[in-house]
Amino acid sequence: GHQPMGYKNSTFHRVIKDFMIQGGDFVNGDGTGKASIYGDEGFADENFNLMHDRAGVLSMANSGPNTNGCQFFITLNKTEWLDKKHVVFGKILDSASMLTLRKCEAVPVAAGAGNRPRIPLVVVECGEL
């Protein structure tokens, strides 16, 4: 029996100003969980066609080549050192969404606790556009 998968009510567990916010760990909620429709071992990098060339880029978090799971991050700046290491699969589409991203960036984080936000940043709704 597998637990249900999905981003609804999951949280962003890591916020690093001027770099990125990370979320999608609906397994453990703390950055240690890994799951996907392909199993718990991680899945292959699809391609590296898109770059981390600005704020608002949506990309897969991983722990090395071909280790994608459920976690993702959204860039807060250009992060070119991540190019060809993390798979970009989307971007922020409008100014209202970018404002929400900047509000998440501004949330205070707990000192020495993996940059965990002091208030919950929750995905309240999700799905295909």
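The largest pocket is lined by 30 residues, and Leu 58, Phe 72, Ile 74, Glu 125 and Cys 126 lie nearest its centre. A pocket here is an open set of points on a 1 Å grid over the protein atoms alone, with protein on both sides within 12 Å along at least five of seven lines, and lining residues have an atom within 4 Å of a point. The pocket holds about 1200 Å³ of space. That volume is the space filled by probe spheres set on the points, which are joined across faces, edges and corners. Strands β3 (57-60), β4 (72-75) and β5 (88-91) and helix α1 each give two or more residues to this lining. The largest share, four residues, comes from α1. By type, the lining splits into 21 nonpolar, five polar and four charged residues. Nonpolar covers Ala, Val, Leu, Ile, Met, Phe, Trp, Tyr, Cys and Pro; charged covers Asp, Glu, Lys and Arg; the others, Gly among them, are polar.

The model is predicted: local features need pLDDT of at least 70, side-chain atom pairs count only at pLDDT 80 or more, and totals for chains, interfaces and linings use all residues. Residues are numbered from 1 along each chain as its sequence is written, and side-chain values use heavy atoms, with hydrogens and water left out.

Now the overall fold. The protein chain has one helix and five strands. From the N terminus on, the order is β-β-β-β-β-α. These elements are DSSP runs, numbered from the N terminus: helices are H or I with at least four residues, strands are E with at least two. The radius of gyration is 14 Å, close to the 14 Å that the globule rule gives for 129 residues, so the chain is as compact as a globular protein of that length. This radius is taken over C-alpha atoms, and the rule is 2.2 Å times the number of residues to the power 0.38. The C-alpha atoms fill a box of roughly 35 × 35 × 30 Å along the principal axes. Buried residues make up 37% of the 129 residues. Buried means under 20% relative accessible area, exposed means over 50%, and partly exposed lies in between, using a 1.4 Å probe and protein chains only.

Strand β5 contains Val 88. Val 88 is buried, at 8% relative accessible area. Its C-alpha atom is separated by 9.5 Å from that of Ile 74, 14 residues apart along the chain. Ile 74 is also one of the residues nearest the centre of the largest pocket.

Next, the charged pairs. Side chains of opposite charge can pair when their charged atoms come close. The whole structure has two salt bridges, each a side-chain nitrogen of Lys or Arg within 4 Å of a carboxyl oxygen of Asp or Glu. Glu 125 pairs with Lys 8, with the closest N and O atoms 3.2 Å apart. Glu 125 lies in the segment after α1 (95-105) and Lys 8 in the segment before β1 (12-16), so this pair ties together parts that are 117 residues apart in sequence. Glu 125 is exposed at 57% relative accessibility, while Lys 8 is partly exposed at 45%.

The other bridge joins Glu 105 to Arg 102, with the closest N and O atoms 2.9 Å apart. Both sit in helix α1, three residues apart, so about one helical turn separates them. Glu 105 is buried at 7% relative accessible area. Arg 102 is partly exposed at 32%.

The second largest pocket holds about 180 Å³ of space. Its lining includes Met 5, Phe 26, Tyr 38 and Cys 70. Eight of its lining residues are nonpolar, three are polar and none is charged. Tyr 38 is in the loop between β2 (20-23) and β3. Tyr 38 is exposed, at 61% relative accessible area. From Tyr 38 to Leu 82 the distance is 24 Å, C-alpha to C-alpha, and the two are 44 residues apart in sequence.

Why does the structure hold zero disulfides? A disulfide needs a pair of cysteine sulfur atoms within 2.5 Å. The sulfur of Cys 70 is 13 Å from the closest cysteine sulfur, in Cys 126, which is too far for a bond. Cys 70 is buried, with 1% relative accessible area. Cys 126 is partly exposed, at 40%.

Methods: On a 1 Å grid over the protein atoms alone, a cavity is a set of points where a 1.4 Å probe fits but cannot get out, and a pocket is an open set with protein on both sides within 12 Å along at least five of seven lines; lining residues have an atom within 4 Å of a point.
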